[in-house]
Amino acid sequence: TMRKFADNPKCLRIGAIPGQKEACIQLNETADRVRRALDSYLDAKRRGFPRFFFLTNEQLLSLMARPRSPGAVIPLLPAMFAGISKLRMSGEPIGGANES
């Protein structure tokens with residue numbers, strides 16, 4: 001469907017192709033379902049750790065994409081905790097060779 005739009009950027013012409021309107025409606029409905037499911041998932045994570053309410057969806061997704069990377073949280077600390085502006089970490093990284 002999207003290739004037809006890319007091949008012919010004049011939407012009025014594309015809209016005249018049989019089935020295109022229905023395909024676009026279906027794509028919008030699917031995108032809405034995905035957005036609602038993602039919002040629900042992120043809300044559940046925020047209820048589990050209320051400080052996550054201070055993060056944008058993008059920040060929270062970025063943090064959750066790297067669960068074994070403690071350094072990923074450092075740039076987000078000022079948003080979650082007003083009294084912390086920086087953090088120095090030491091020791092073995094999580095997910096190292098000794099972890100089972």
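## Basis of the model

The model is predicted, so local features need pLDDT of at least 70 and side-chain atom pairs count only at pLDDT 80 or more, while totals for chains, interfaces and linings use all residues. Residues are numbered from 1 along each chain as its sequence is written, and side-chain values use heavy atoms, with hydrogens and water left out.

## Overall fold

The protein chain has five helices and zero strands, where helices (H or I, at least four residues) and strands (E, at least two) are DSSP runs numbered from the N terminus. Read from the N terminus, the order of elements is α-α-α-α-α.

Of the 100 residues in the protein chain, 13% are buried. Buried means under 20% relative accessible area, exposed means over 50%, and partly exposed lies in between (1.4 Å probe, protein chains only).

Arg-35 and Asp-39 are four residues apart in helix H3, so about one helical turn separates them. Arg-35 is partly exposed at 44% relative accessibility, and Asp-39 is partly exposed at 31%.

Another salt bridge links Asp-43 with Arg-47, with the closest N and O atoms 2.4 Å apart. Asp-43 and Arg-47 also lie in helix H3, four residues or about one turn apart. Asp-43 has a relative accessible area of 30% and is partly exposed, whereas Arg-47, at 54%, counts as exposed.

## A nonpolar surface patch

Leu-38, Tyr-41 and Leu-61 make a nonpolar surface patch of about 240 Å². Patches are made of residues with over 30% relative accessible area and no salt bridge; like charges are joined within 9 Å, and nonpolar side chains (Val, Leu, Ile, Met, Phe, Trp, Tyr) within 5 Å. Accessible areas come from the Shrake-Rupley method with a 1.4 Å probe, and for residues only the protein chains shown count as cover.

Leu-38 is placed in helix H3, which spans residues 20–48. With a relative accessible area of 32%, Leu-38 is partly exposed.

## The largest pocket

The largest pocket holds about 160 Å³ of space. On a 1 Å grid over the protein atoms alone, a pocket is an open set of points where a 1.4 Å probe fits, with protein on both sides within 12 Å along at least five of seven lines; lining residues have an atom within 4 Å of a point.

Its lining has 10 residues, and Leu-63, Arg-66, Pro-67, Ser-69 and Pro-70 lie nearest the centre of the pocket. The lining divides into seven nonpolar, one polar and two charged residues. Here Ala, Val, Leu, Ile, Met, Phe, Trp, Tyr, Cys and Pro count as nonpolar, Asp, Glu, Lys and Arg as charged, and the others, Gly among them, as polar.

## After helix H5

Ser-85 is in the segment that follows helix H5 (77–80), and Ser-85 is exposed at 60% relative accessible area. Ser-85 and Pro-75 are 10 residues apart in sequence, and their C-alpha atoms are 8.8 Å apart in space.

Lys-86 is also found in the segment after H5, and Lys-86 is exposed at 71%. Between Lys-86 and Ile-74 there are 6.9 Å in space, C-alpha to C-alpha, for residues 12 apart in sequence.

Terms used. A salt bridge is a side-chain nitrogen of Lys or Arg within 4 Å of a carboxyl oxygen of Asp or Glu. Grid points are joined across faces, edges and corners, and a volume is the space filled by probe spheres set on the points.
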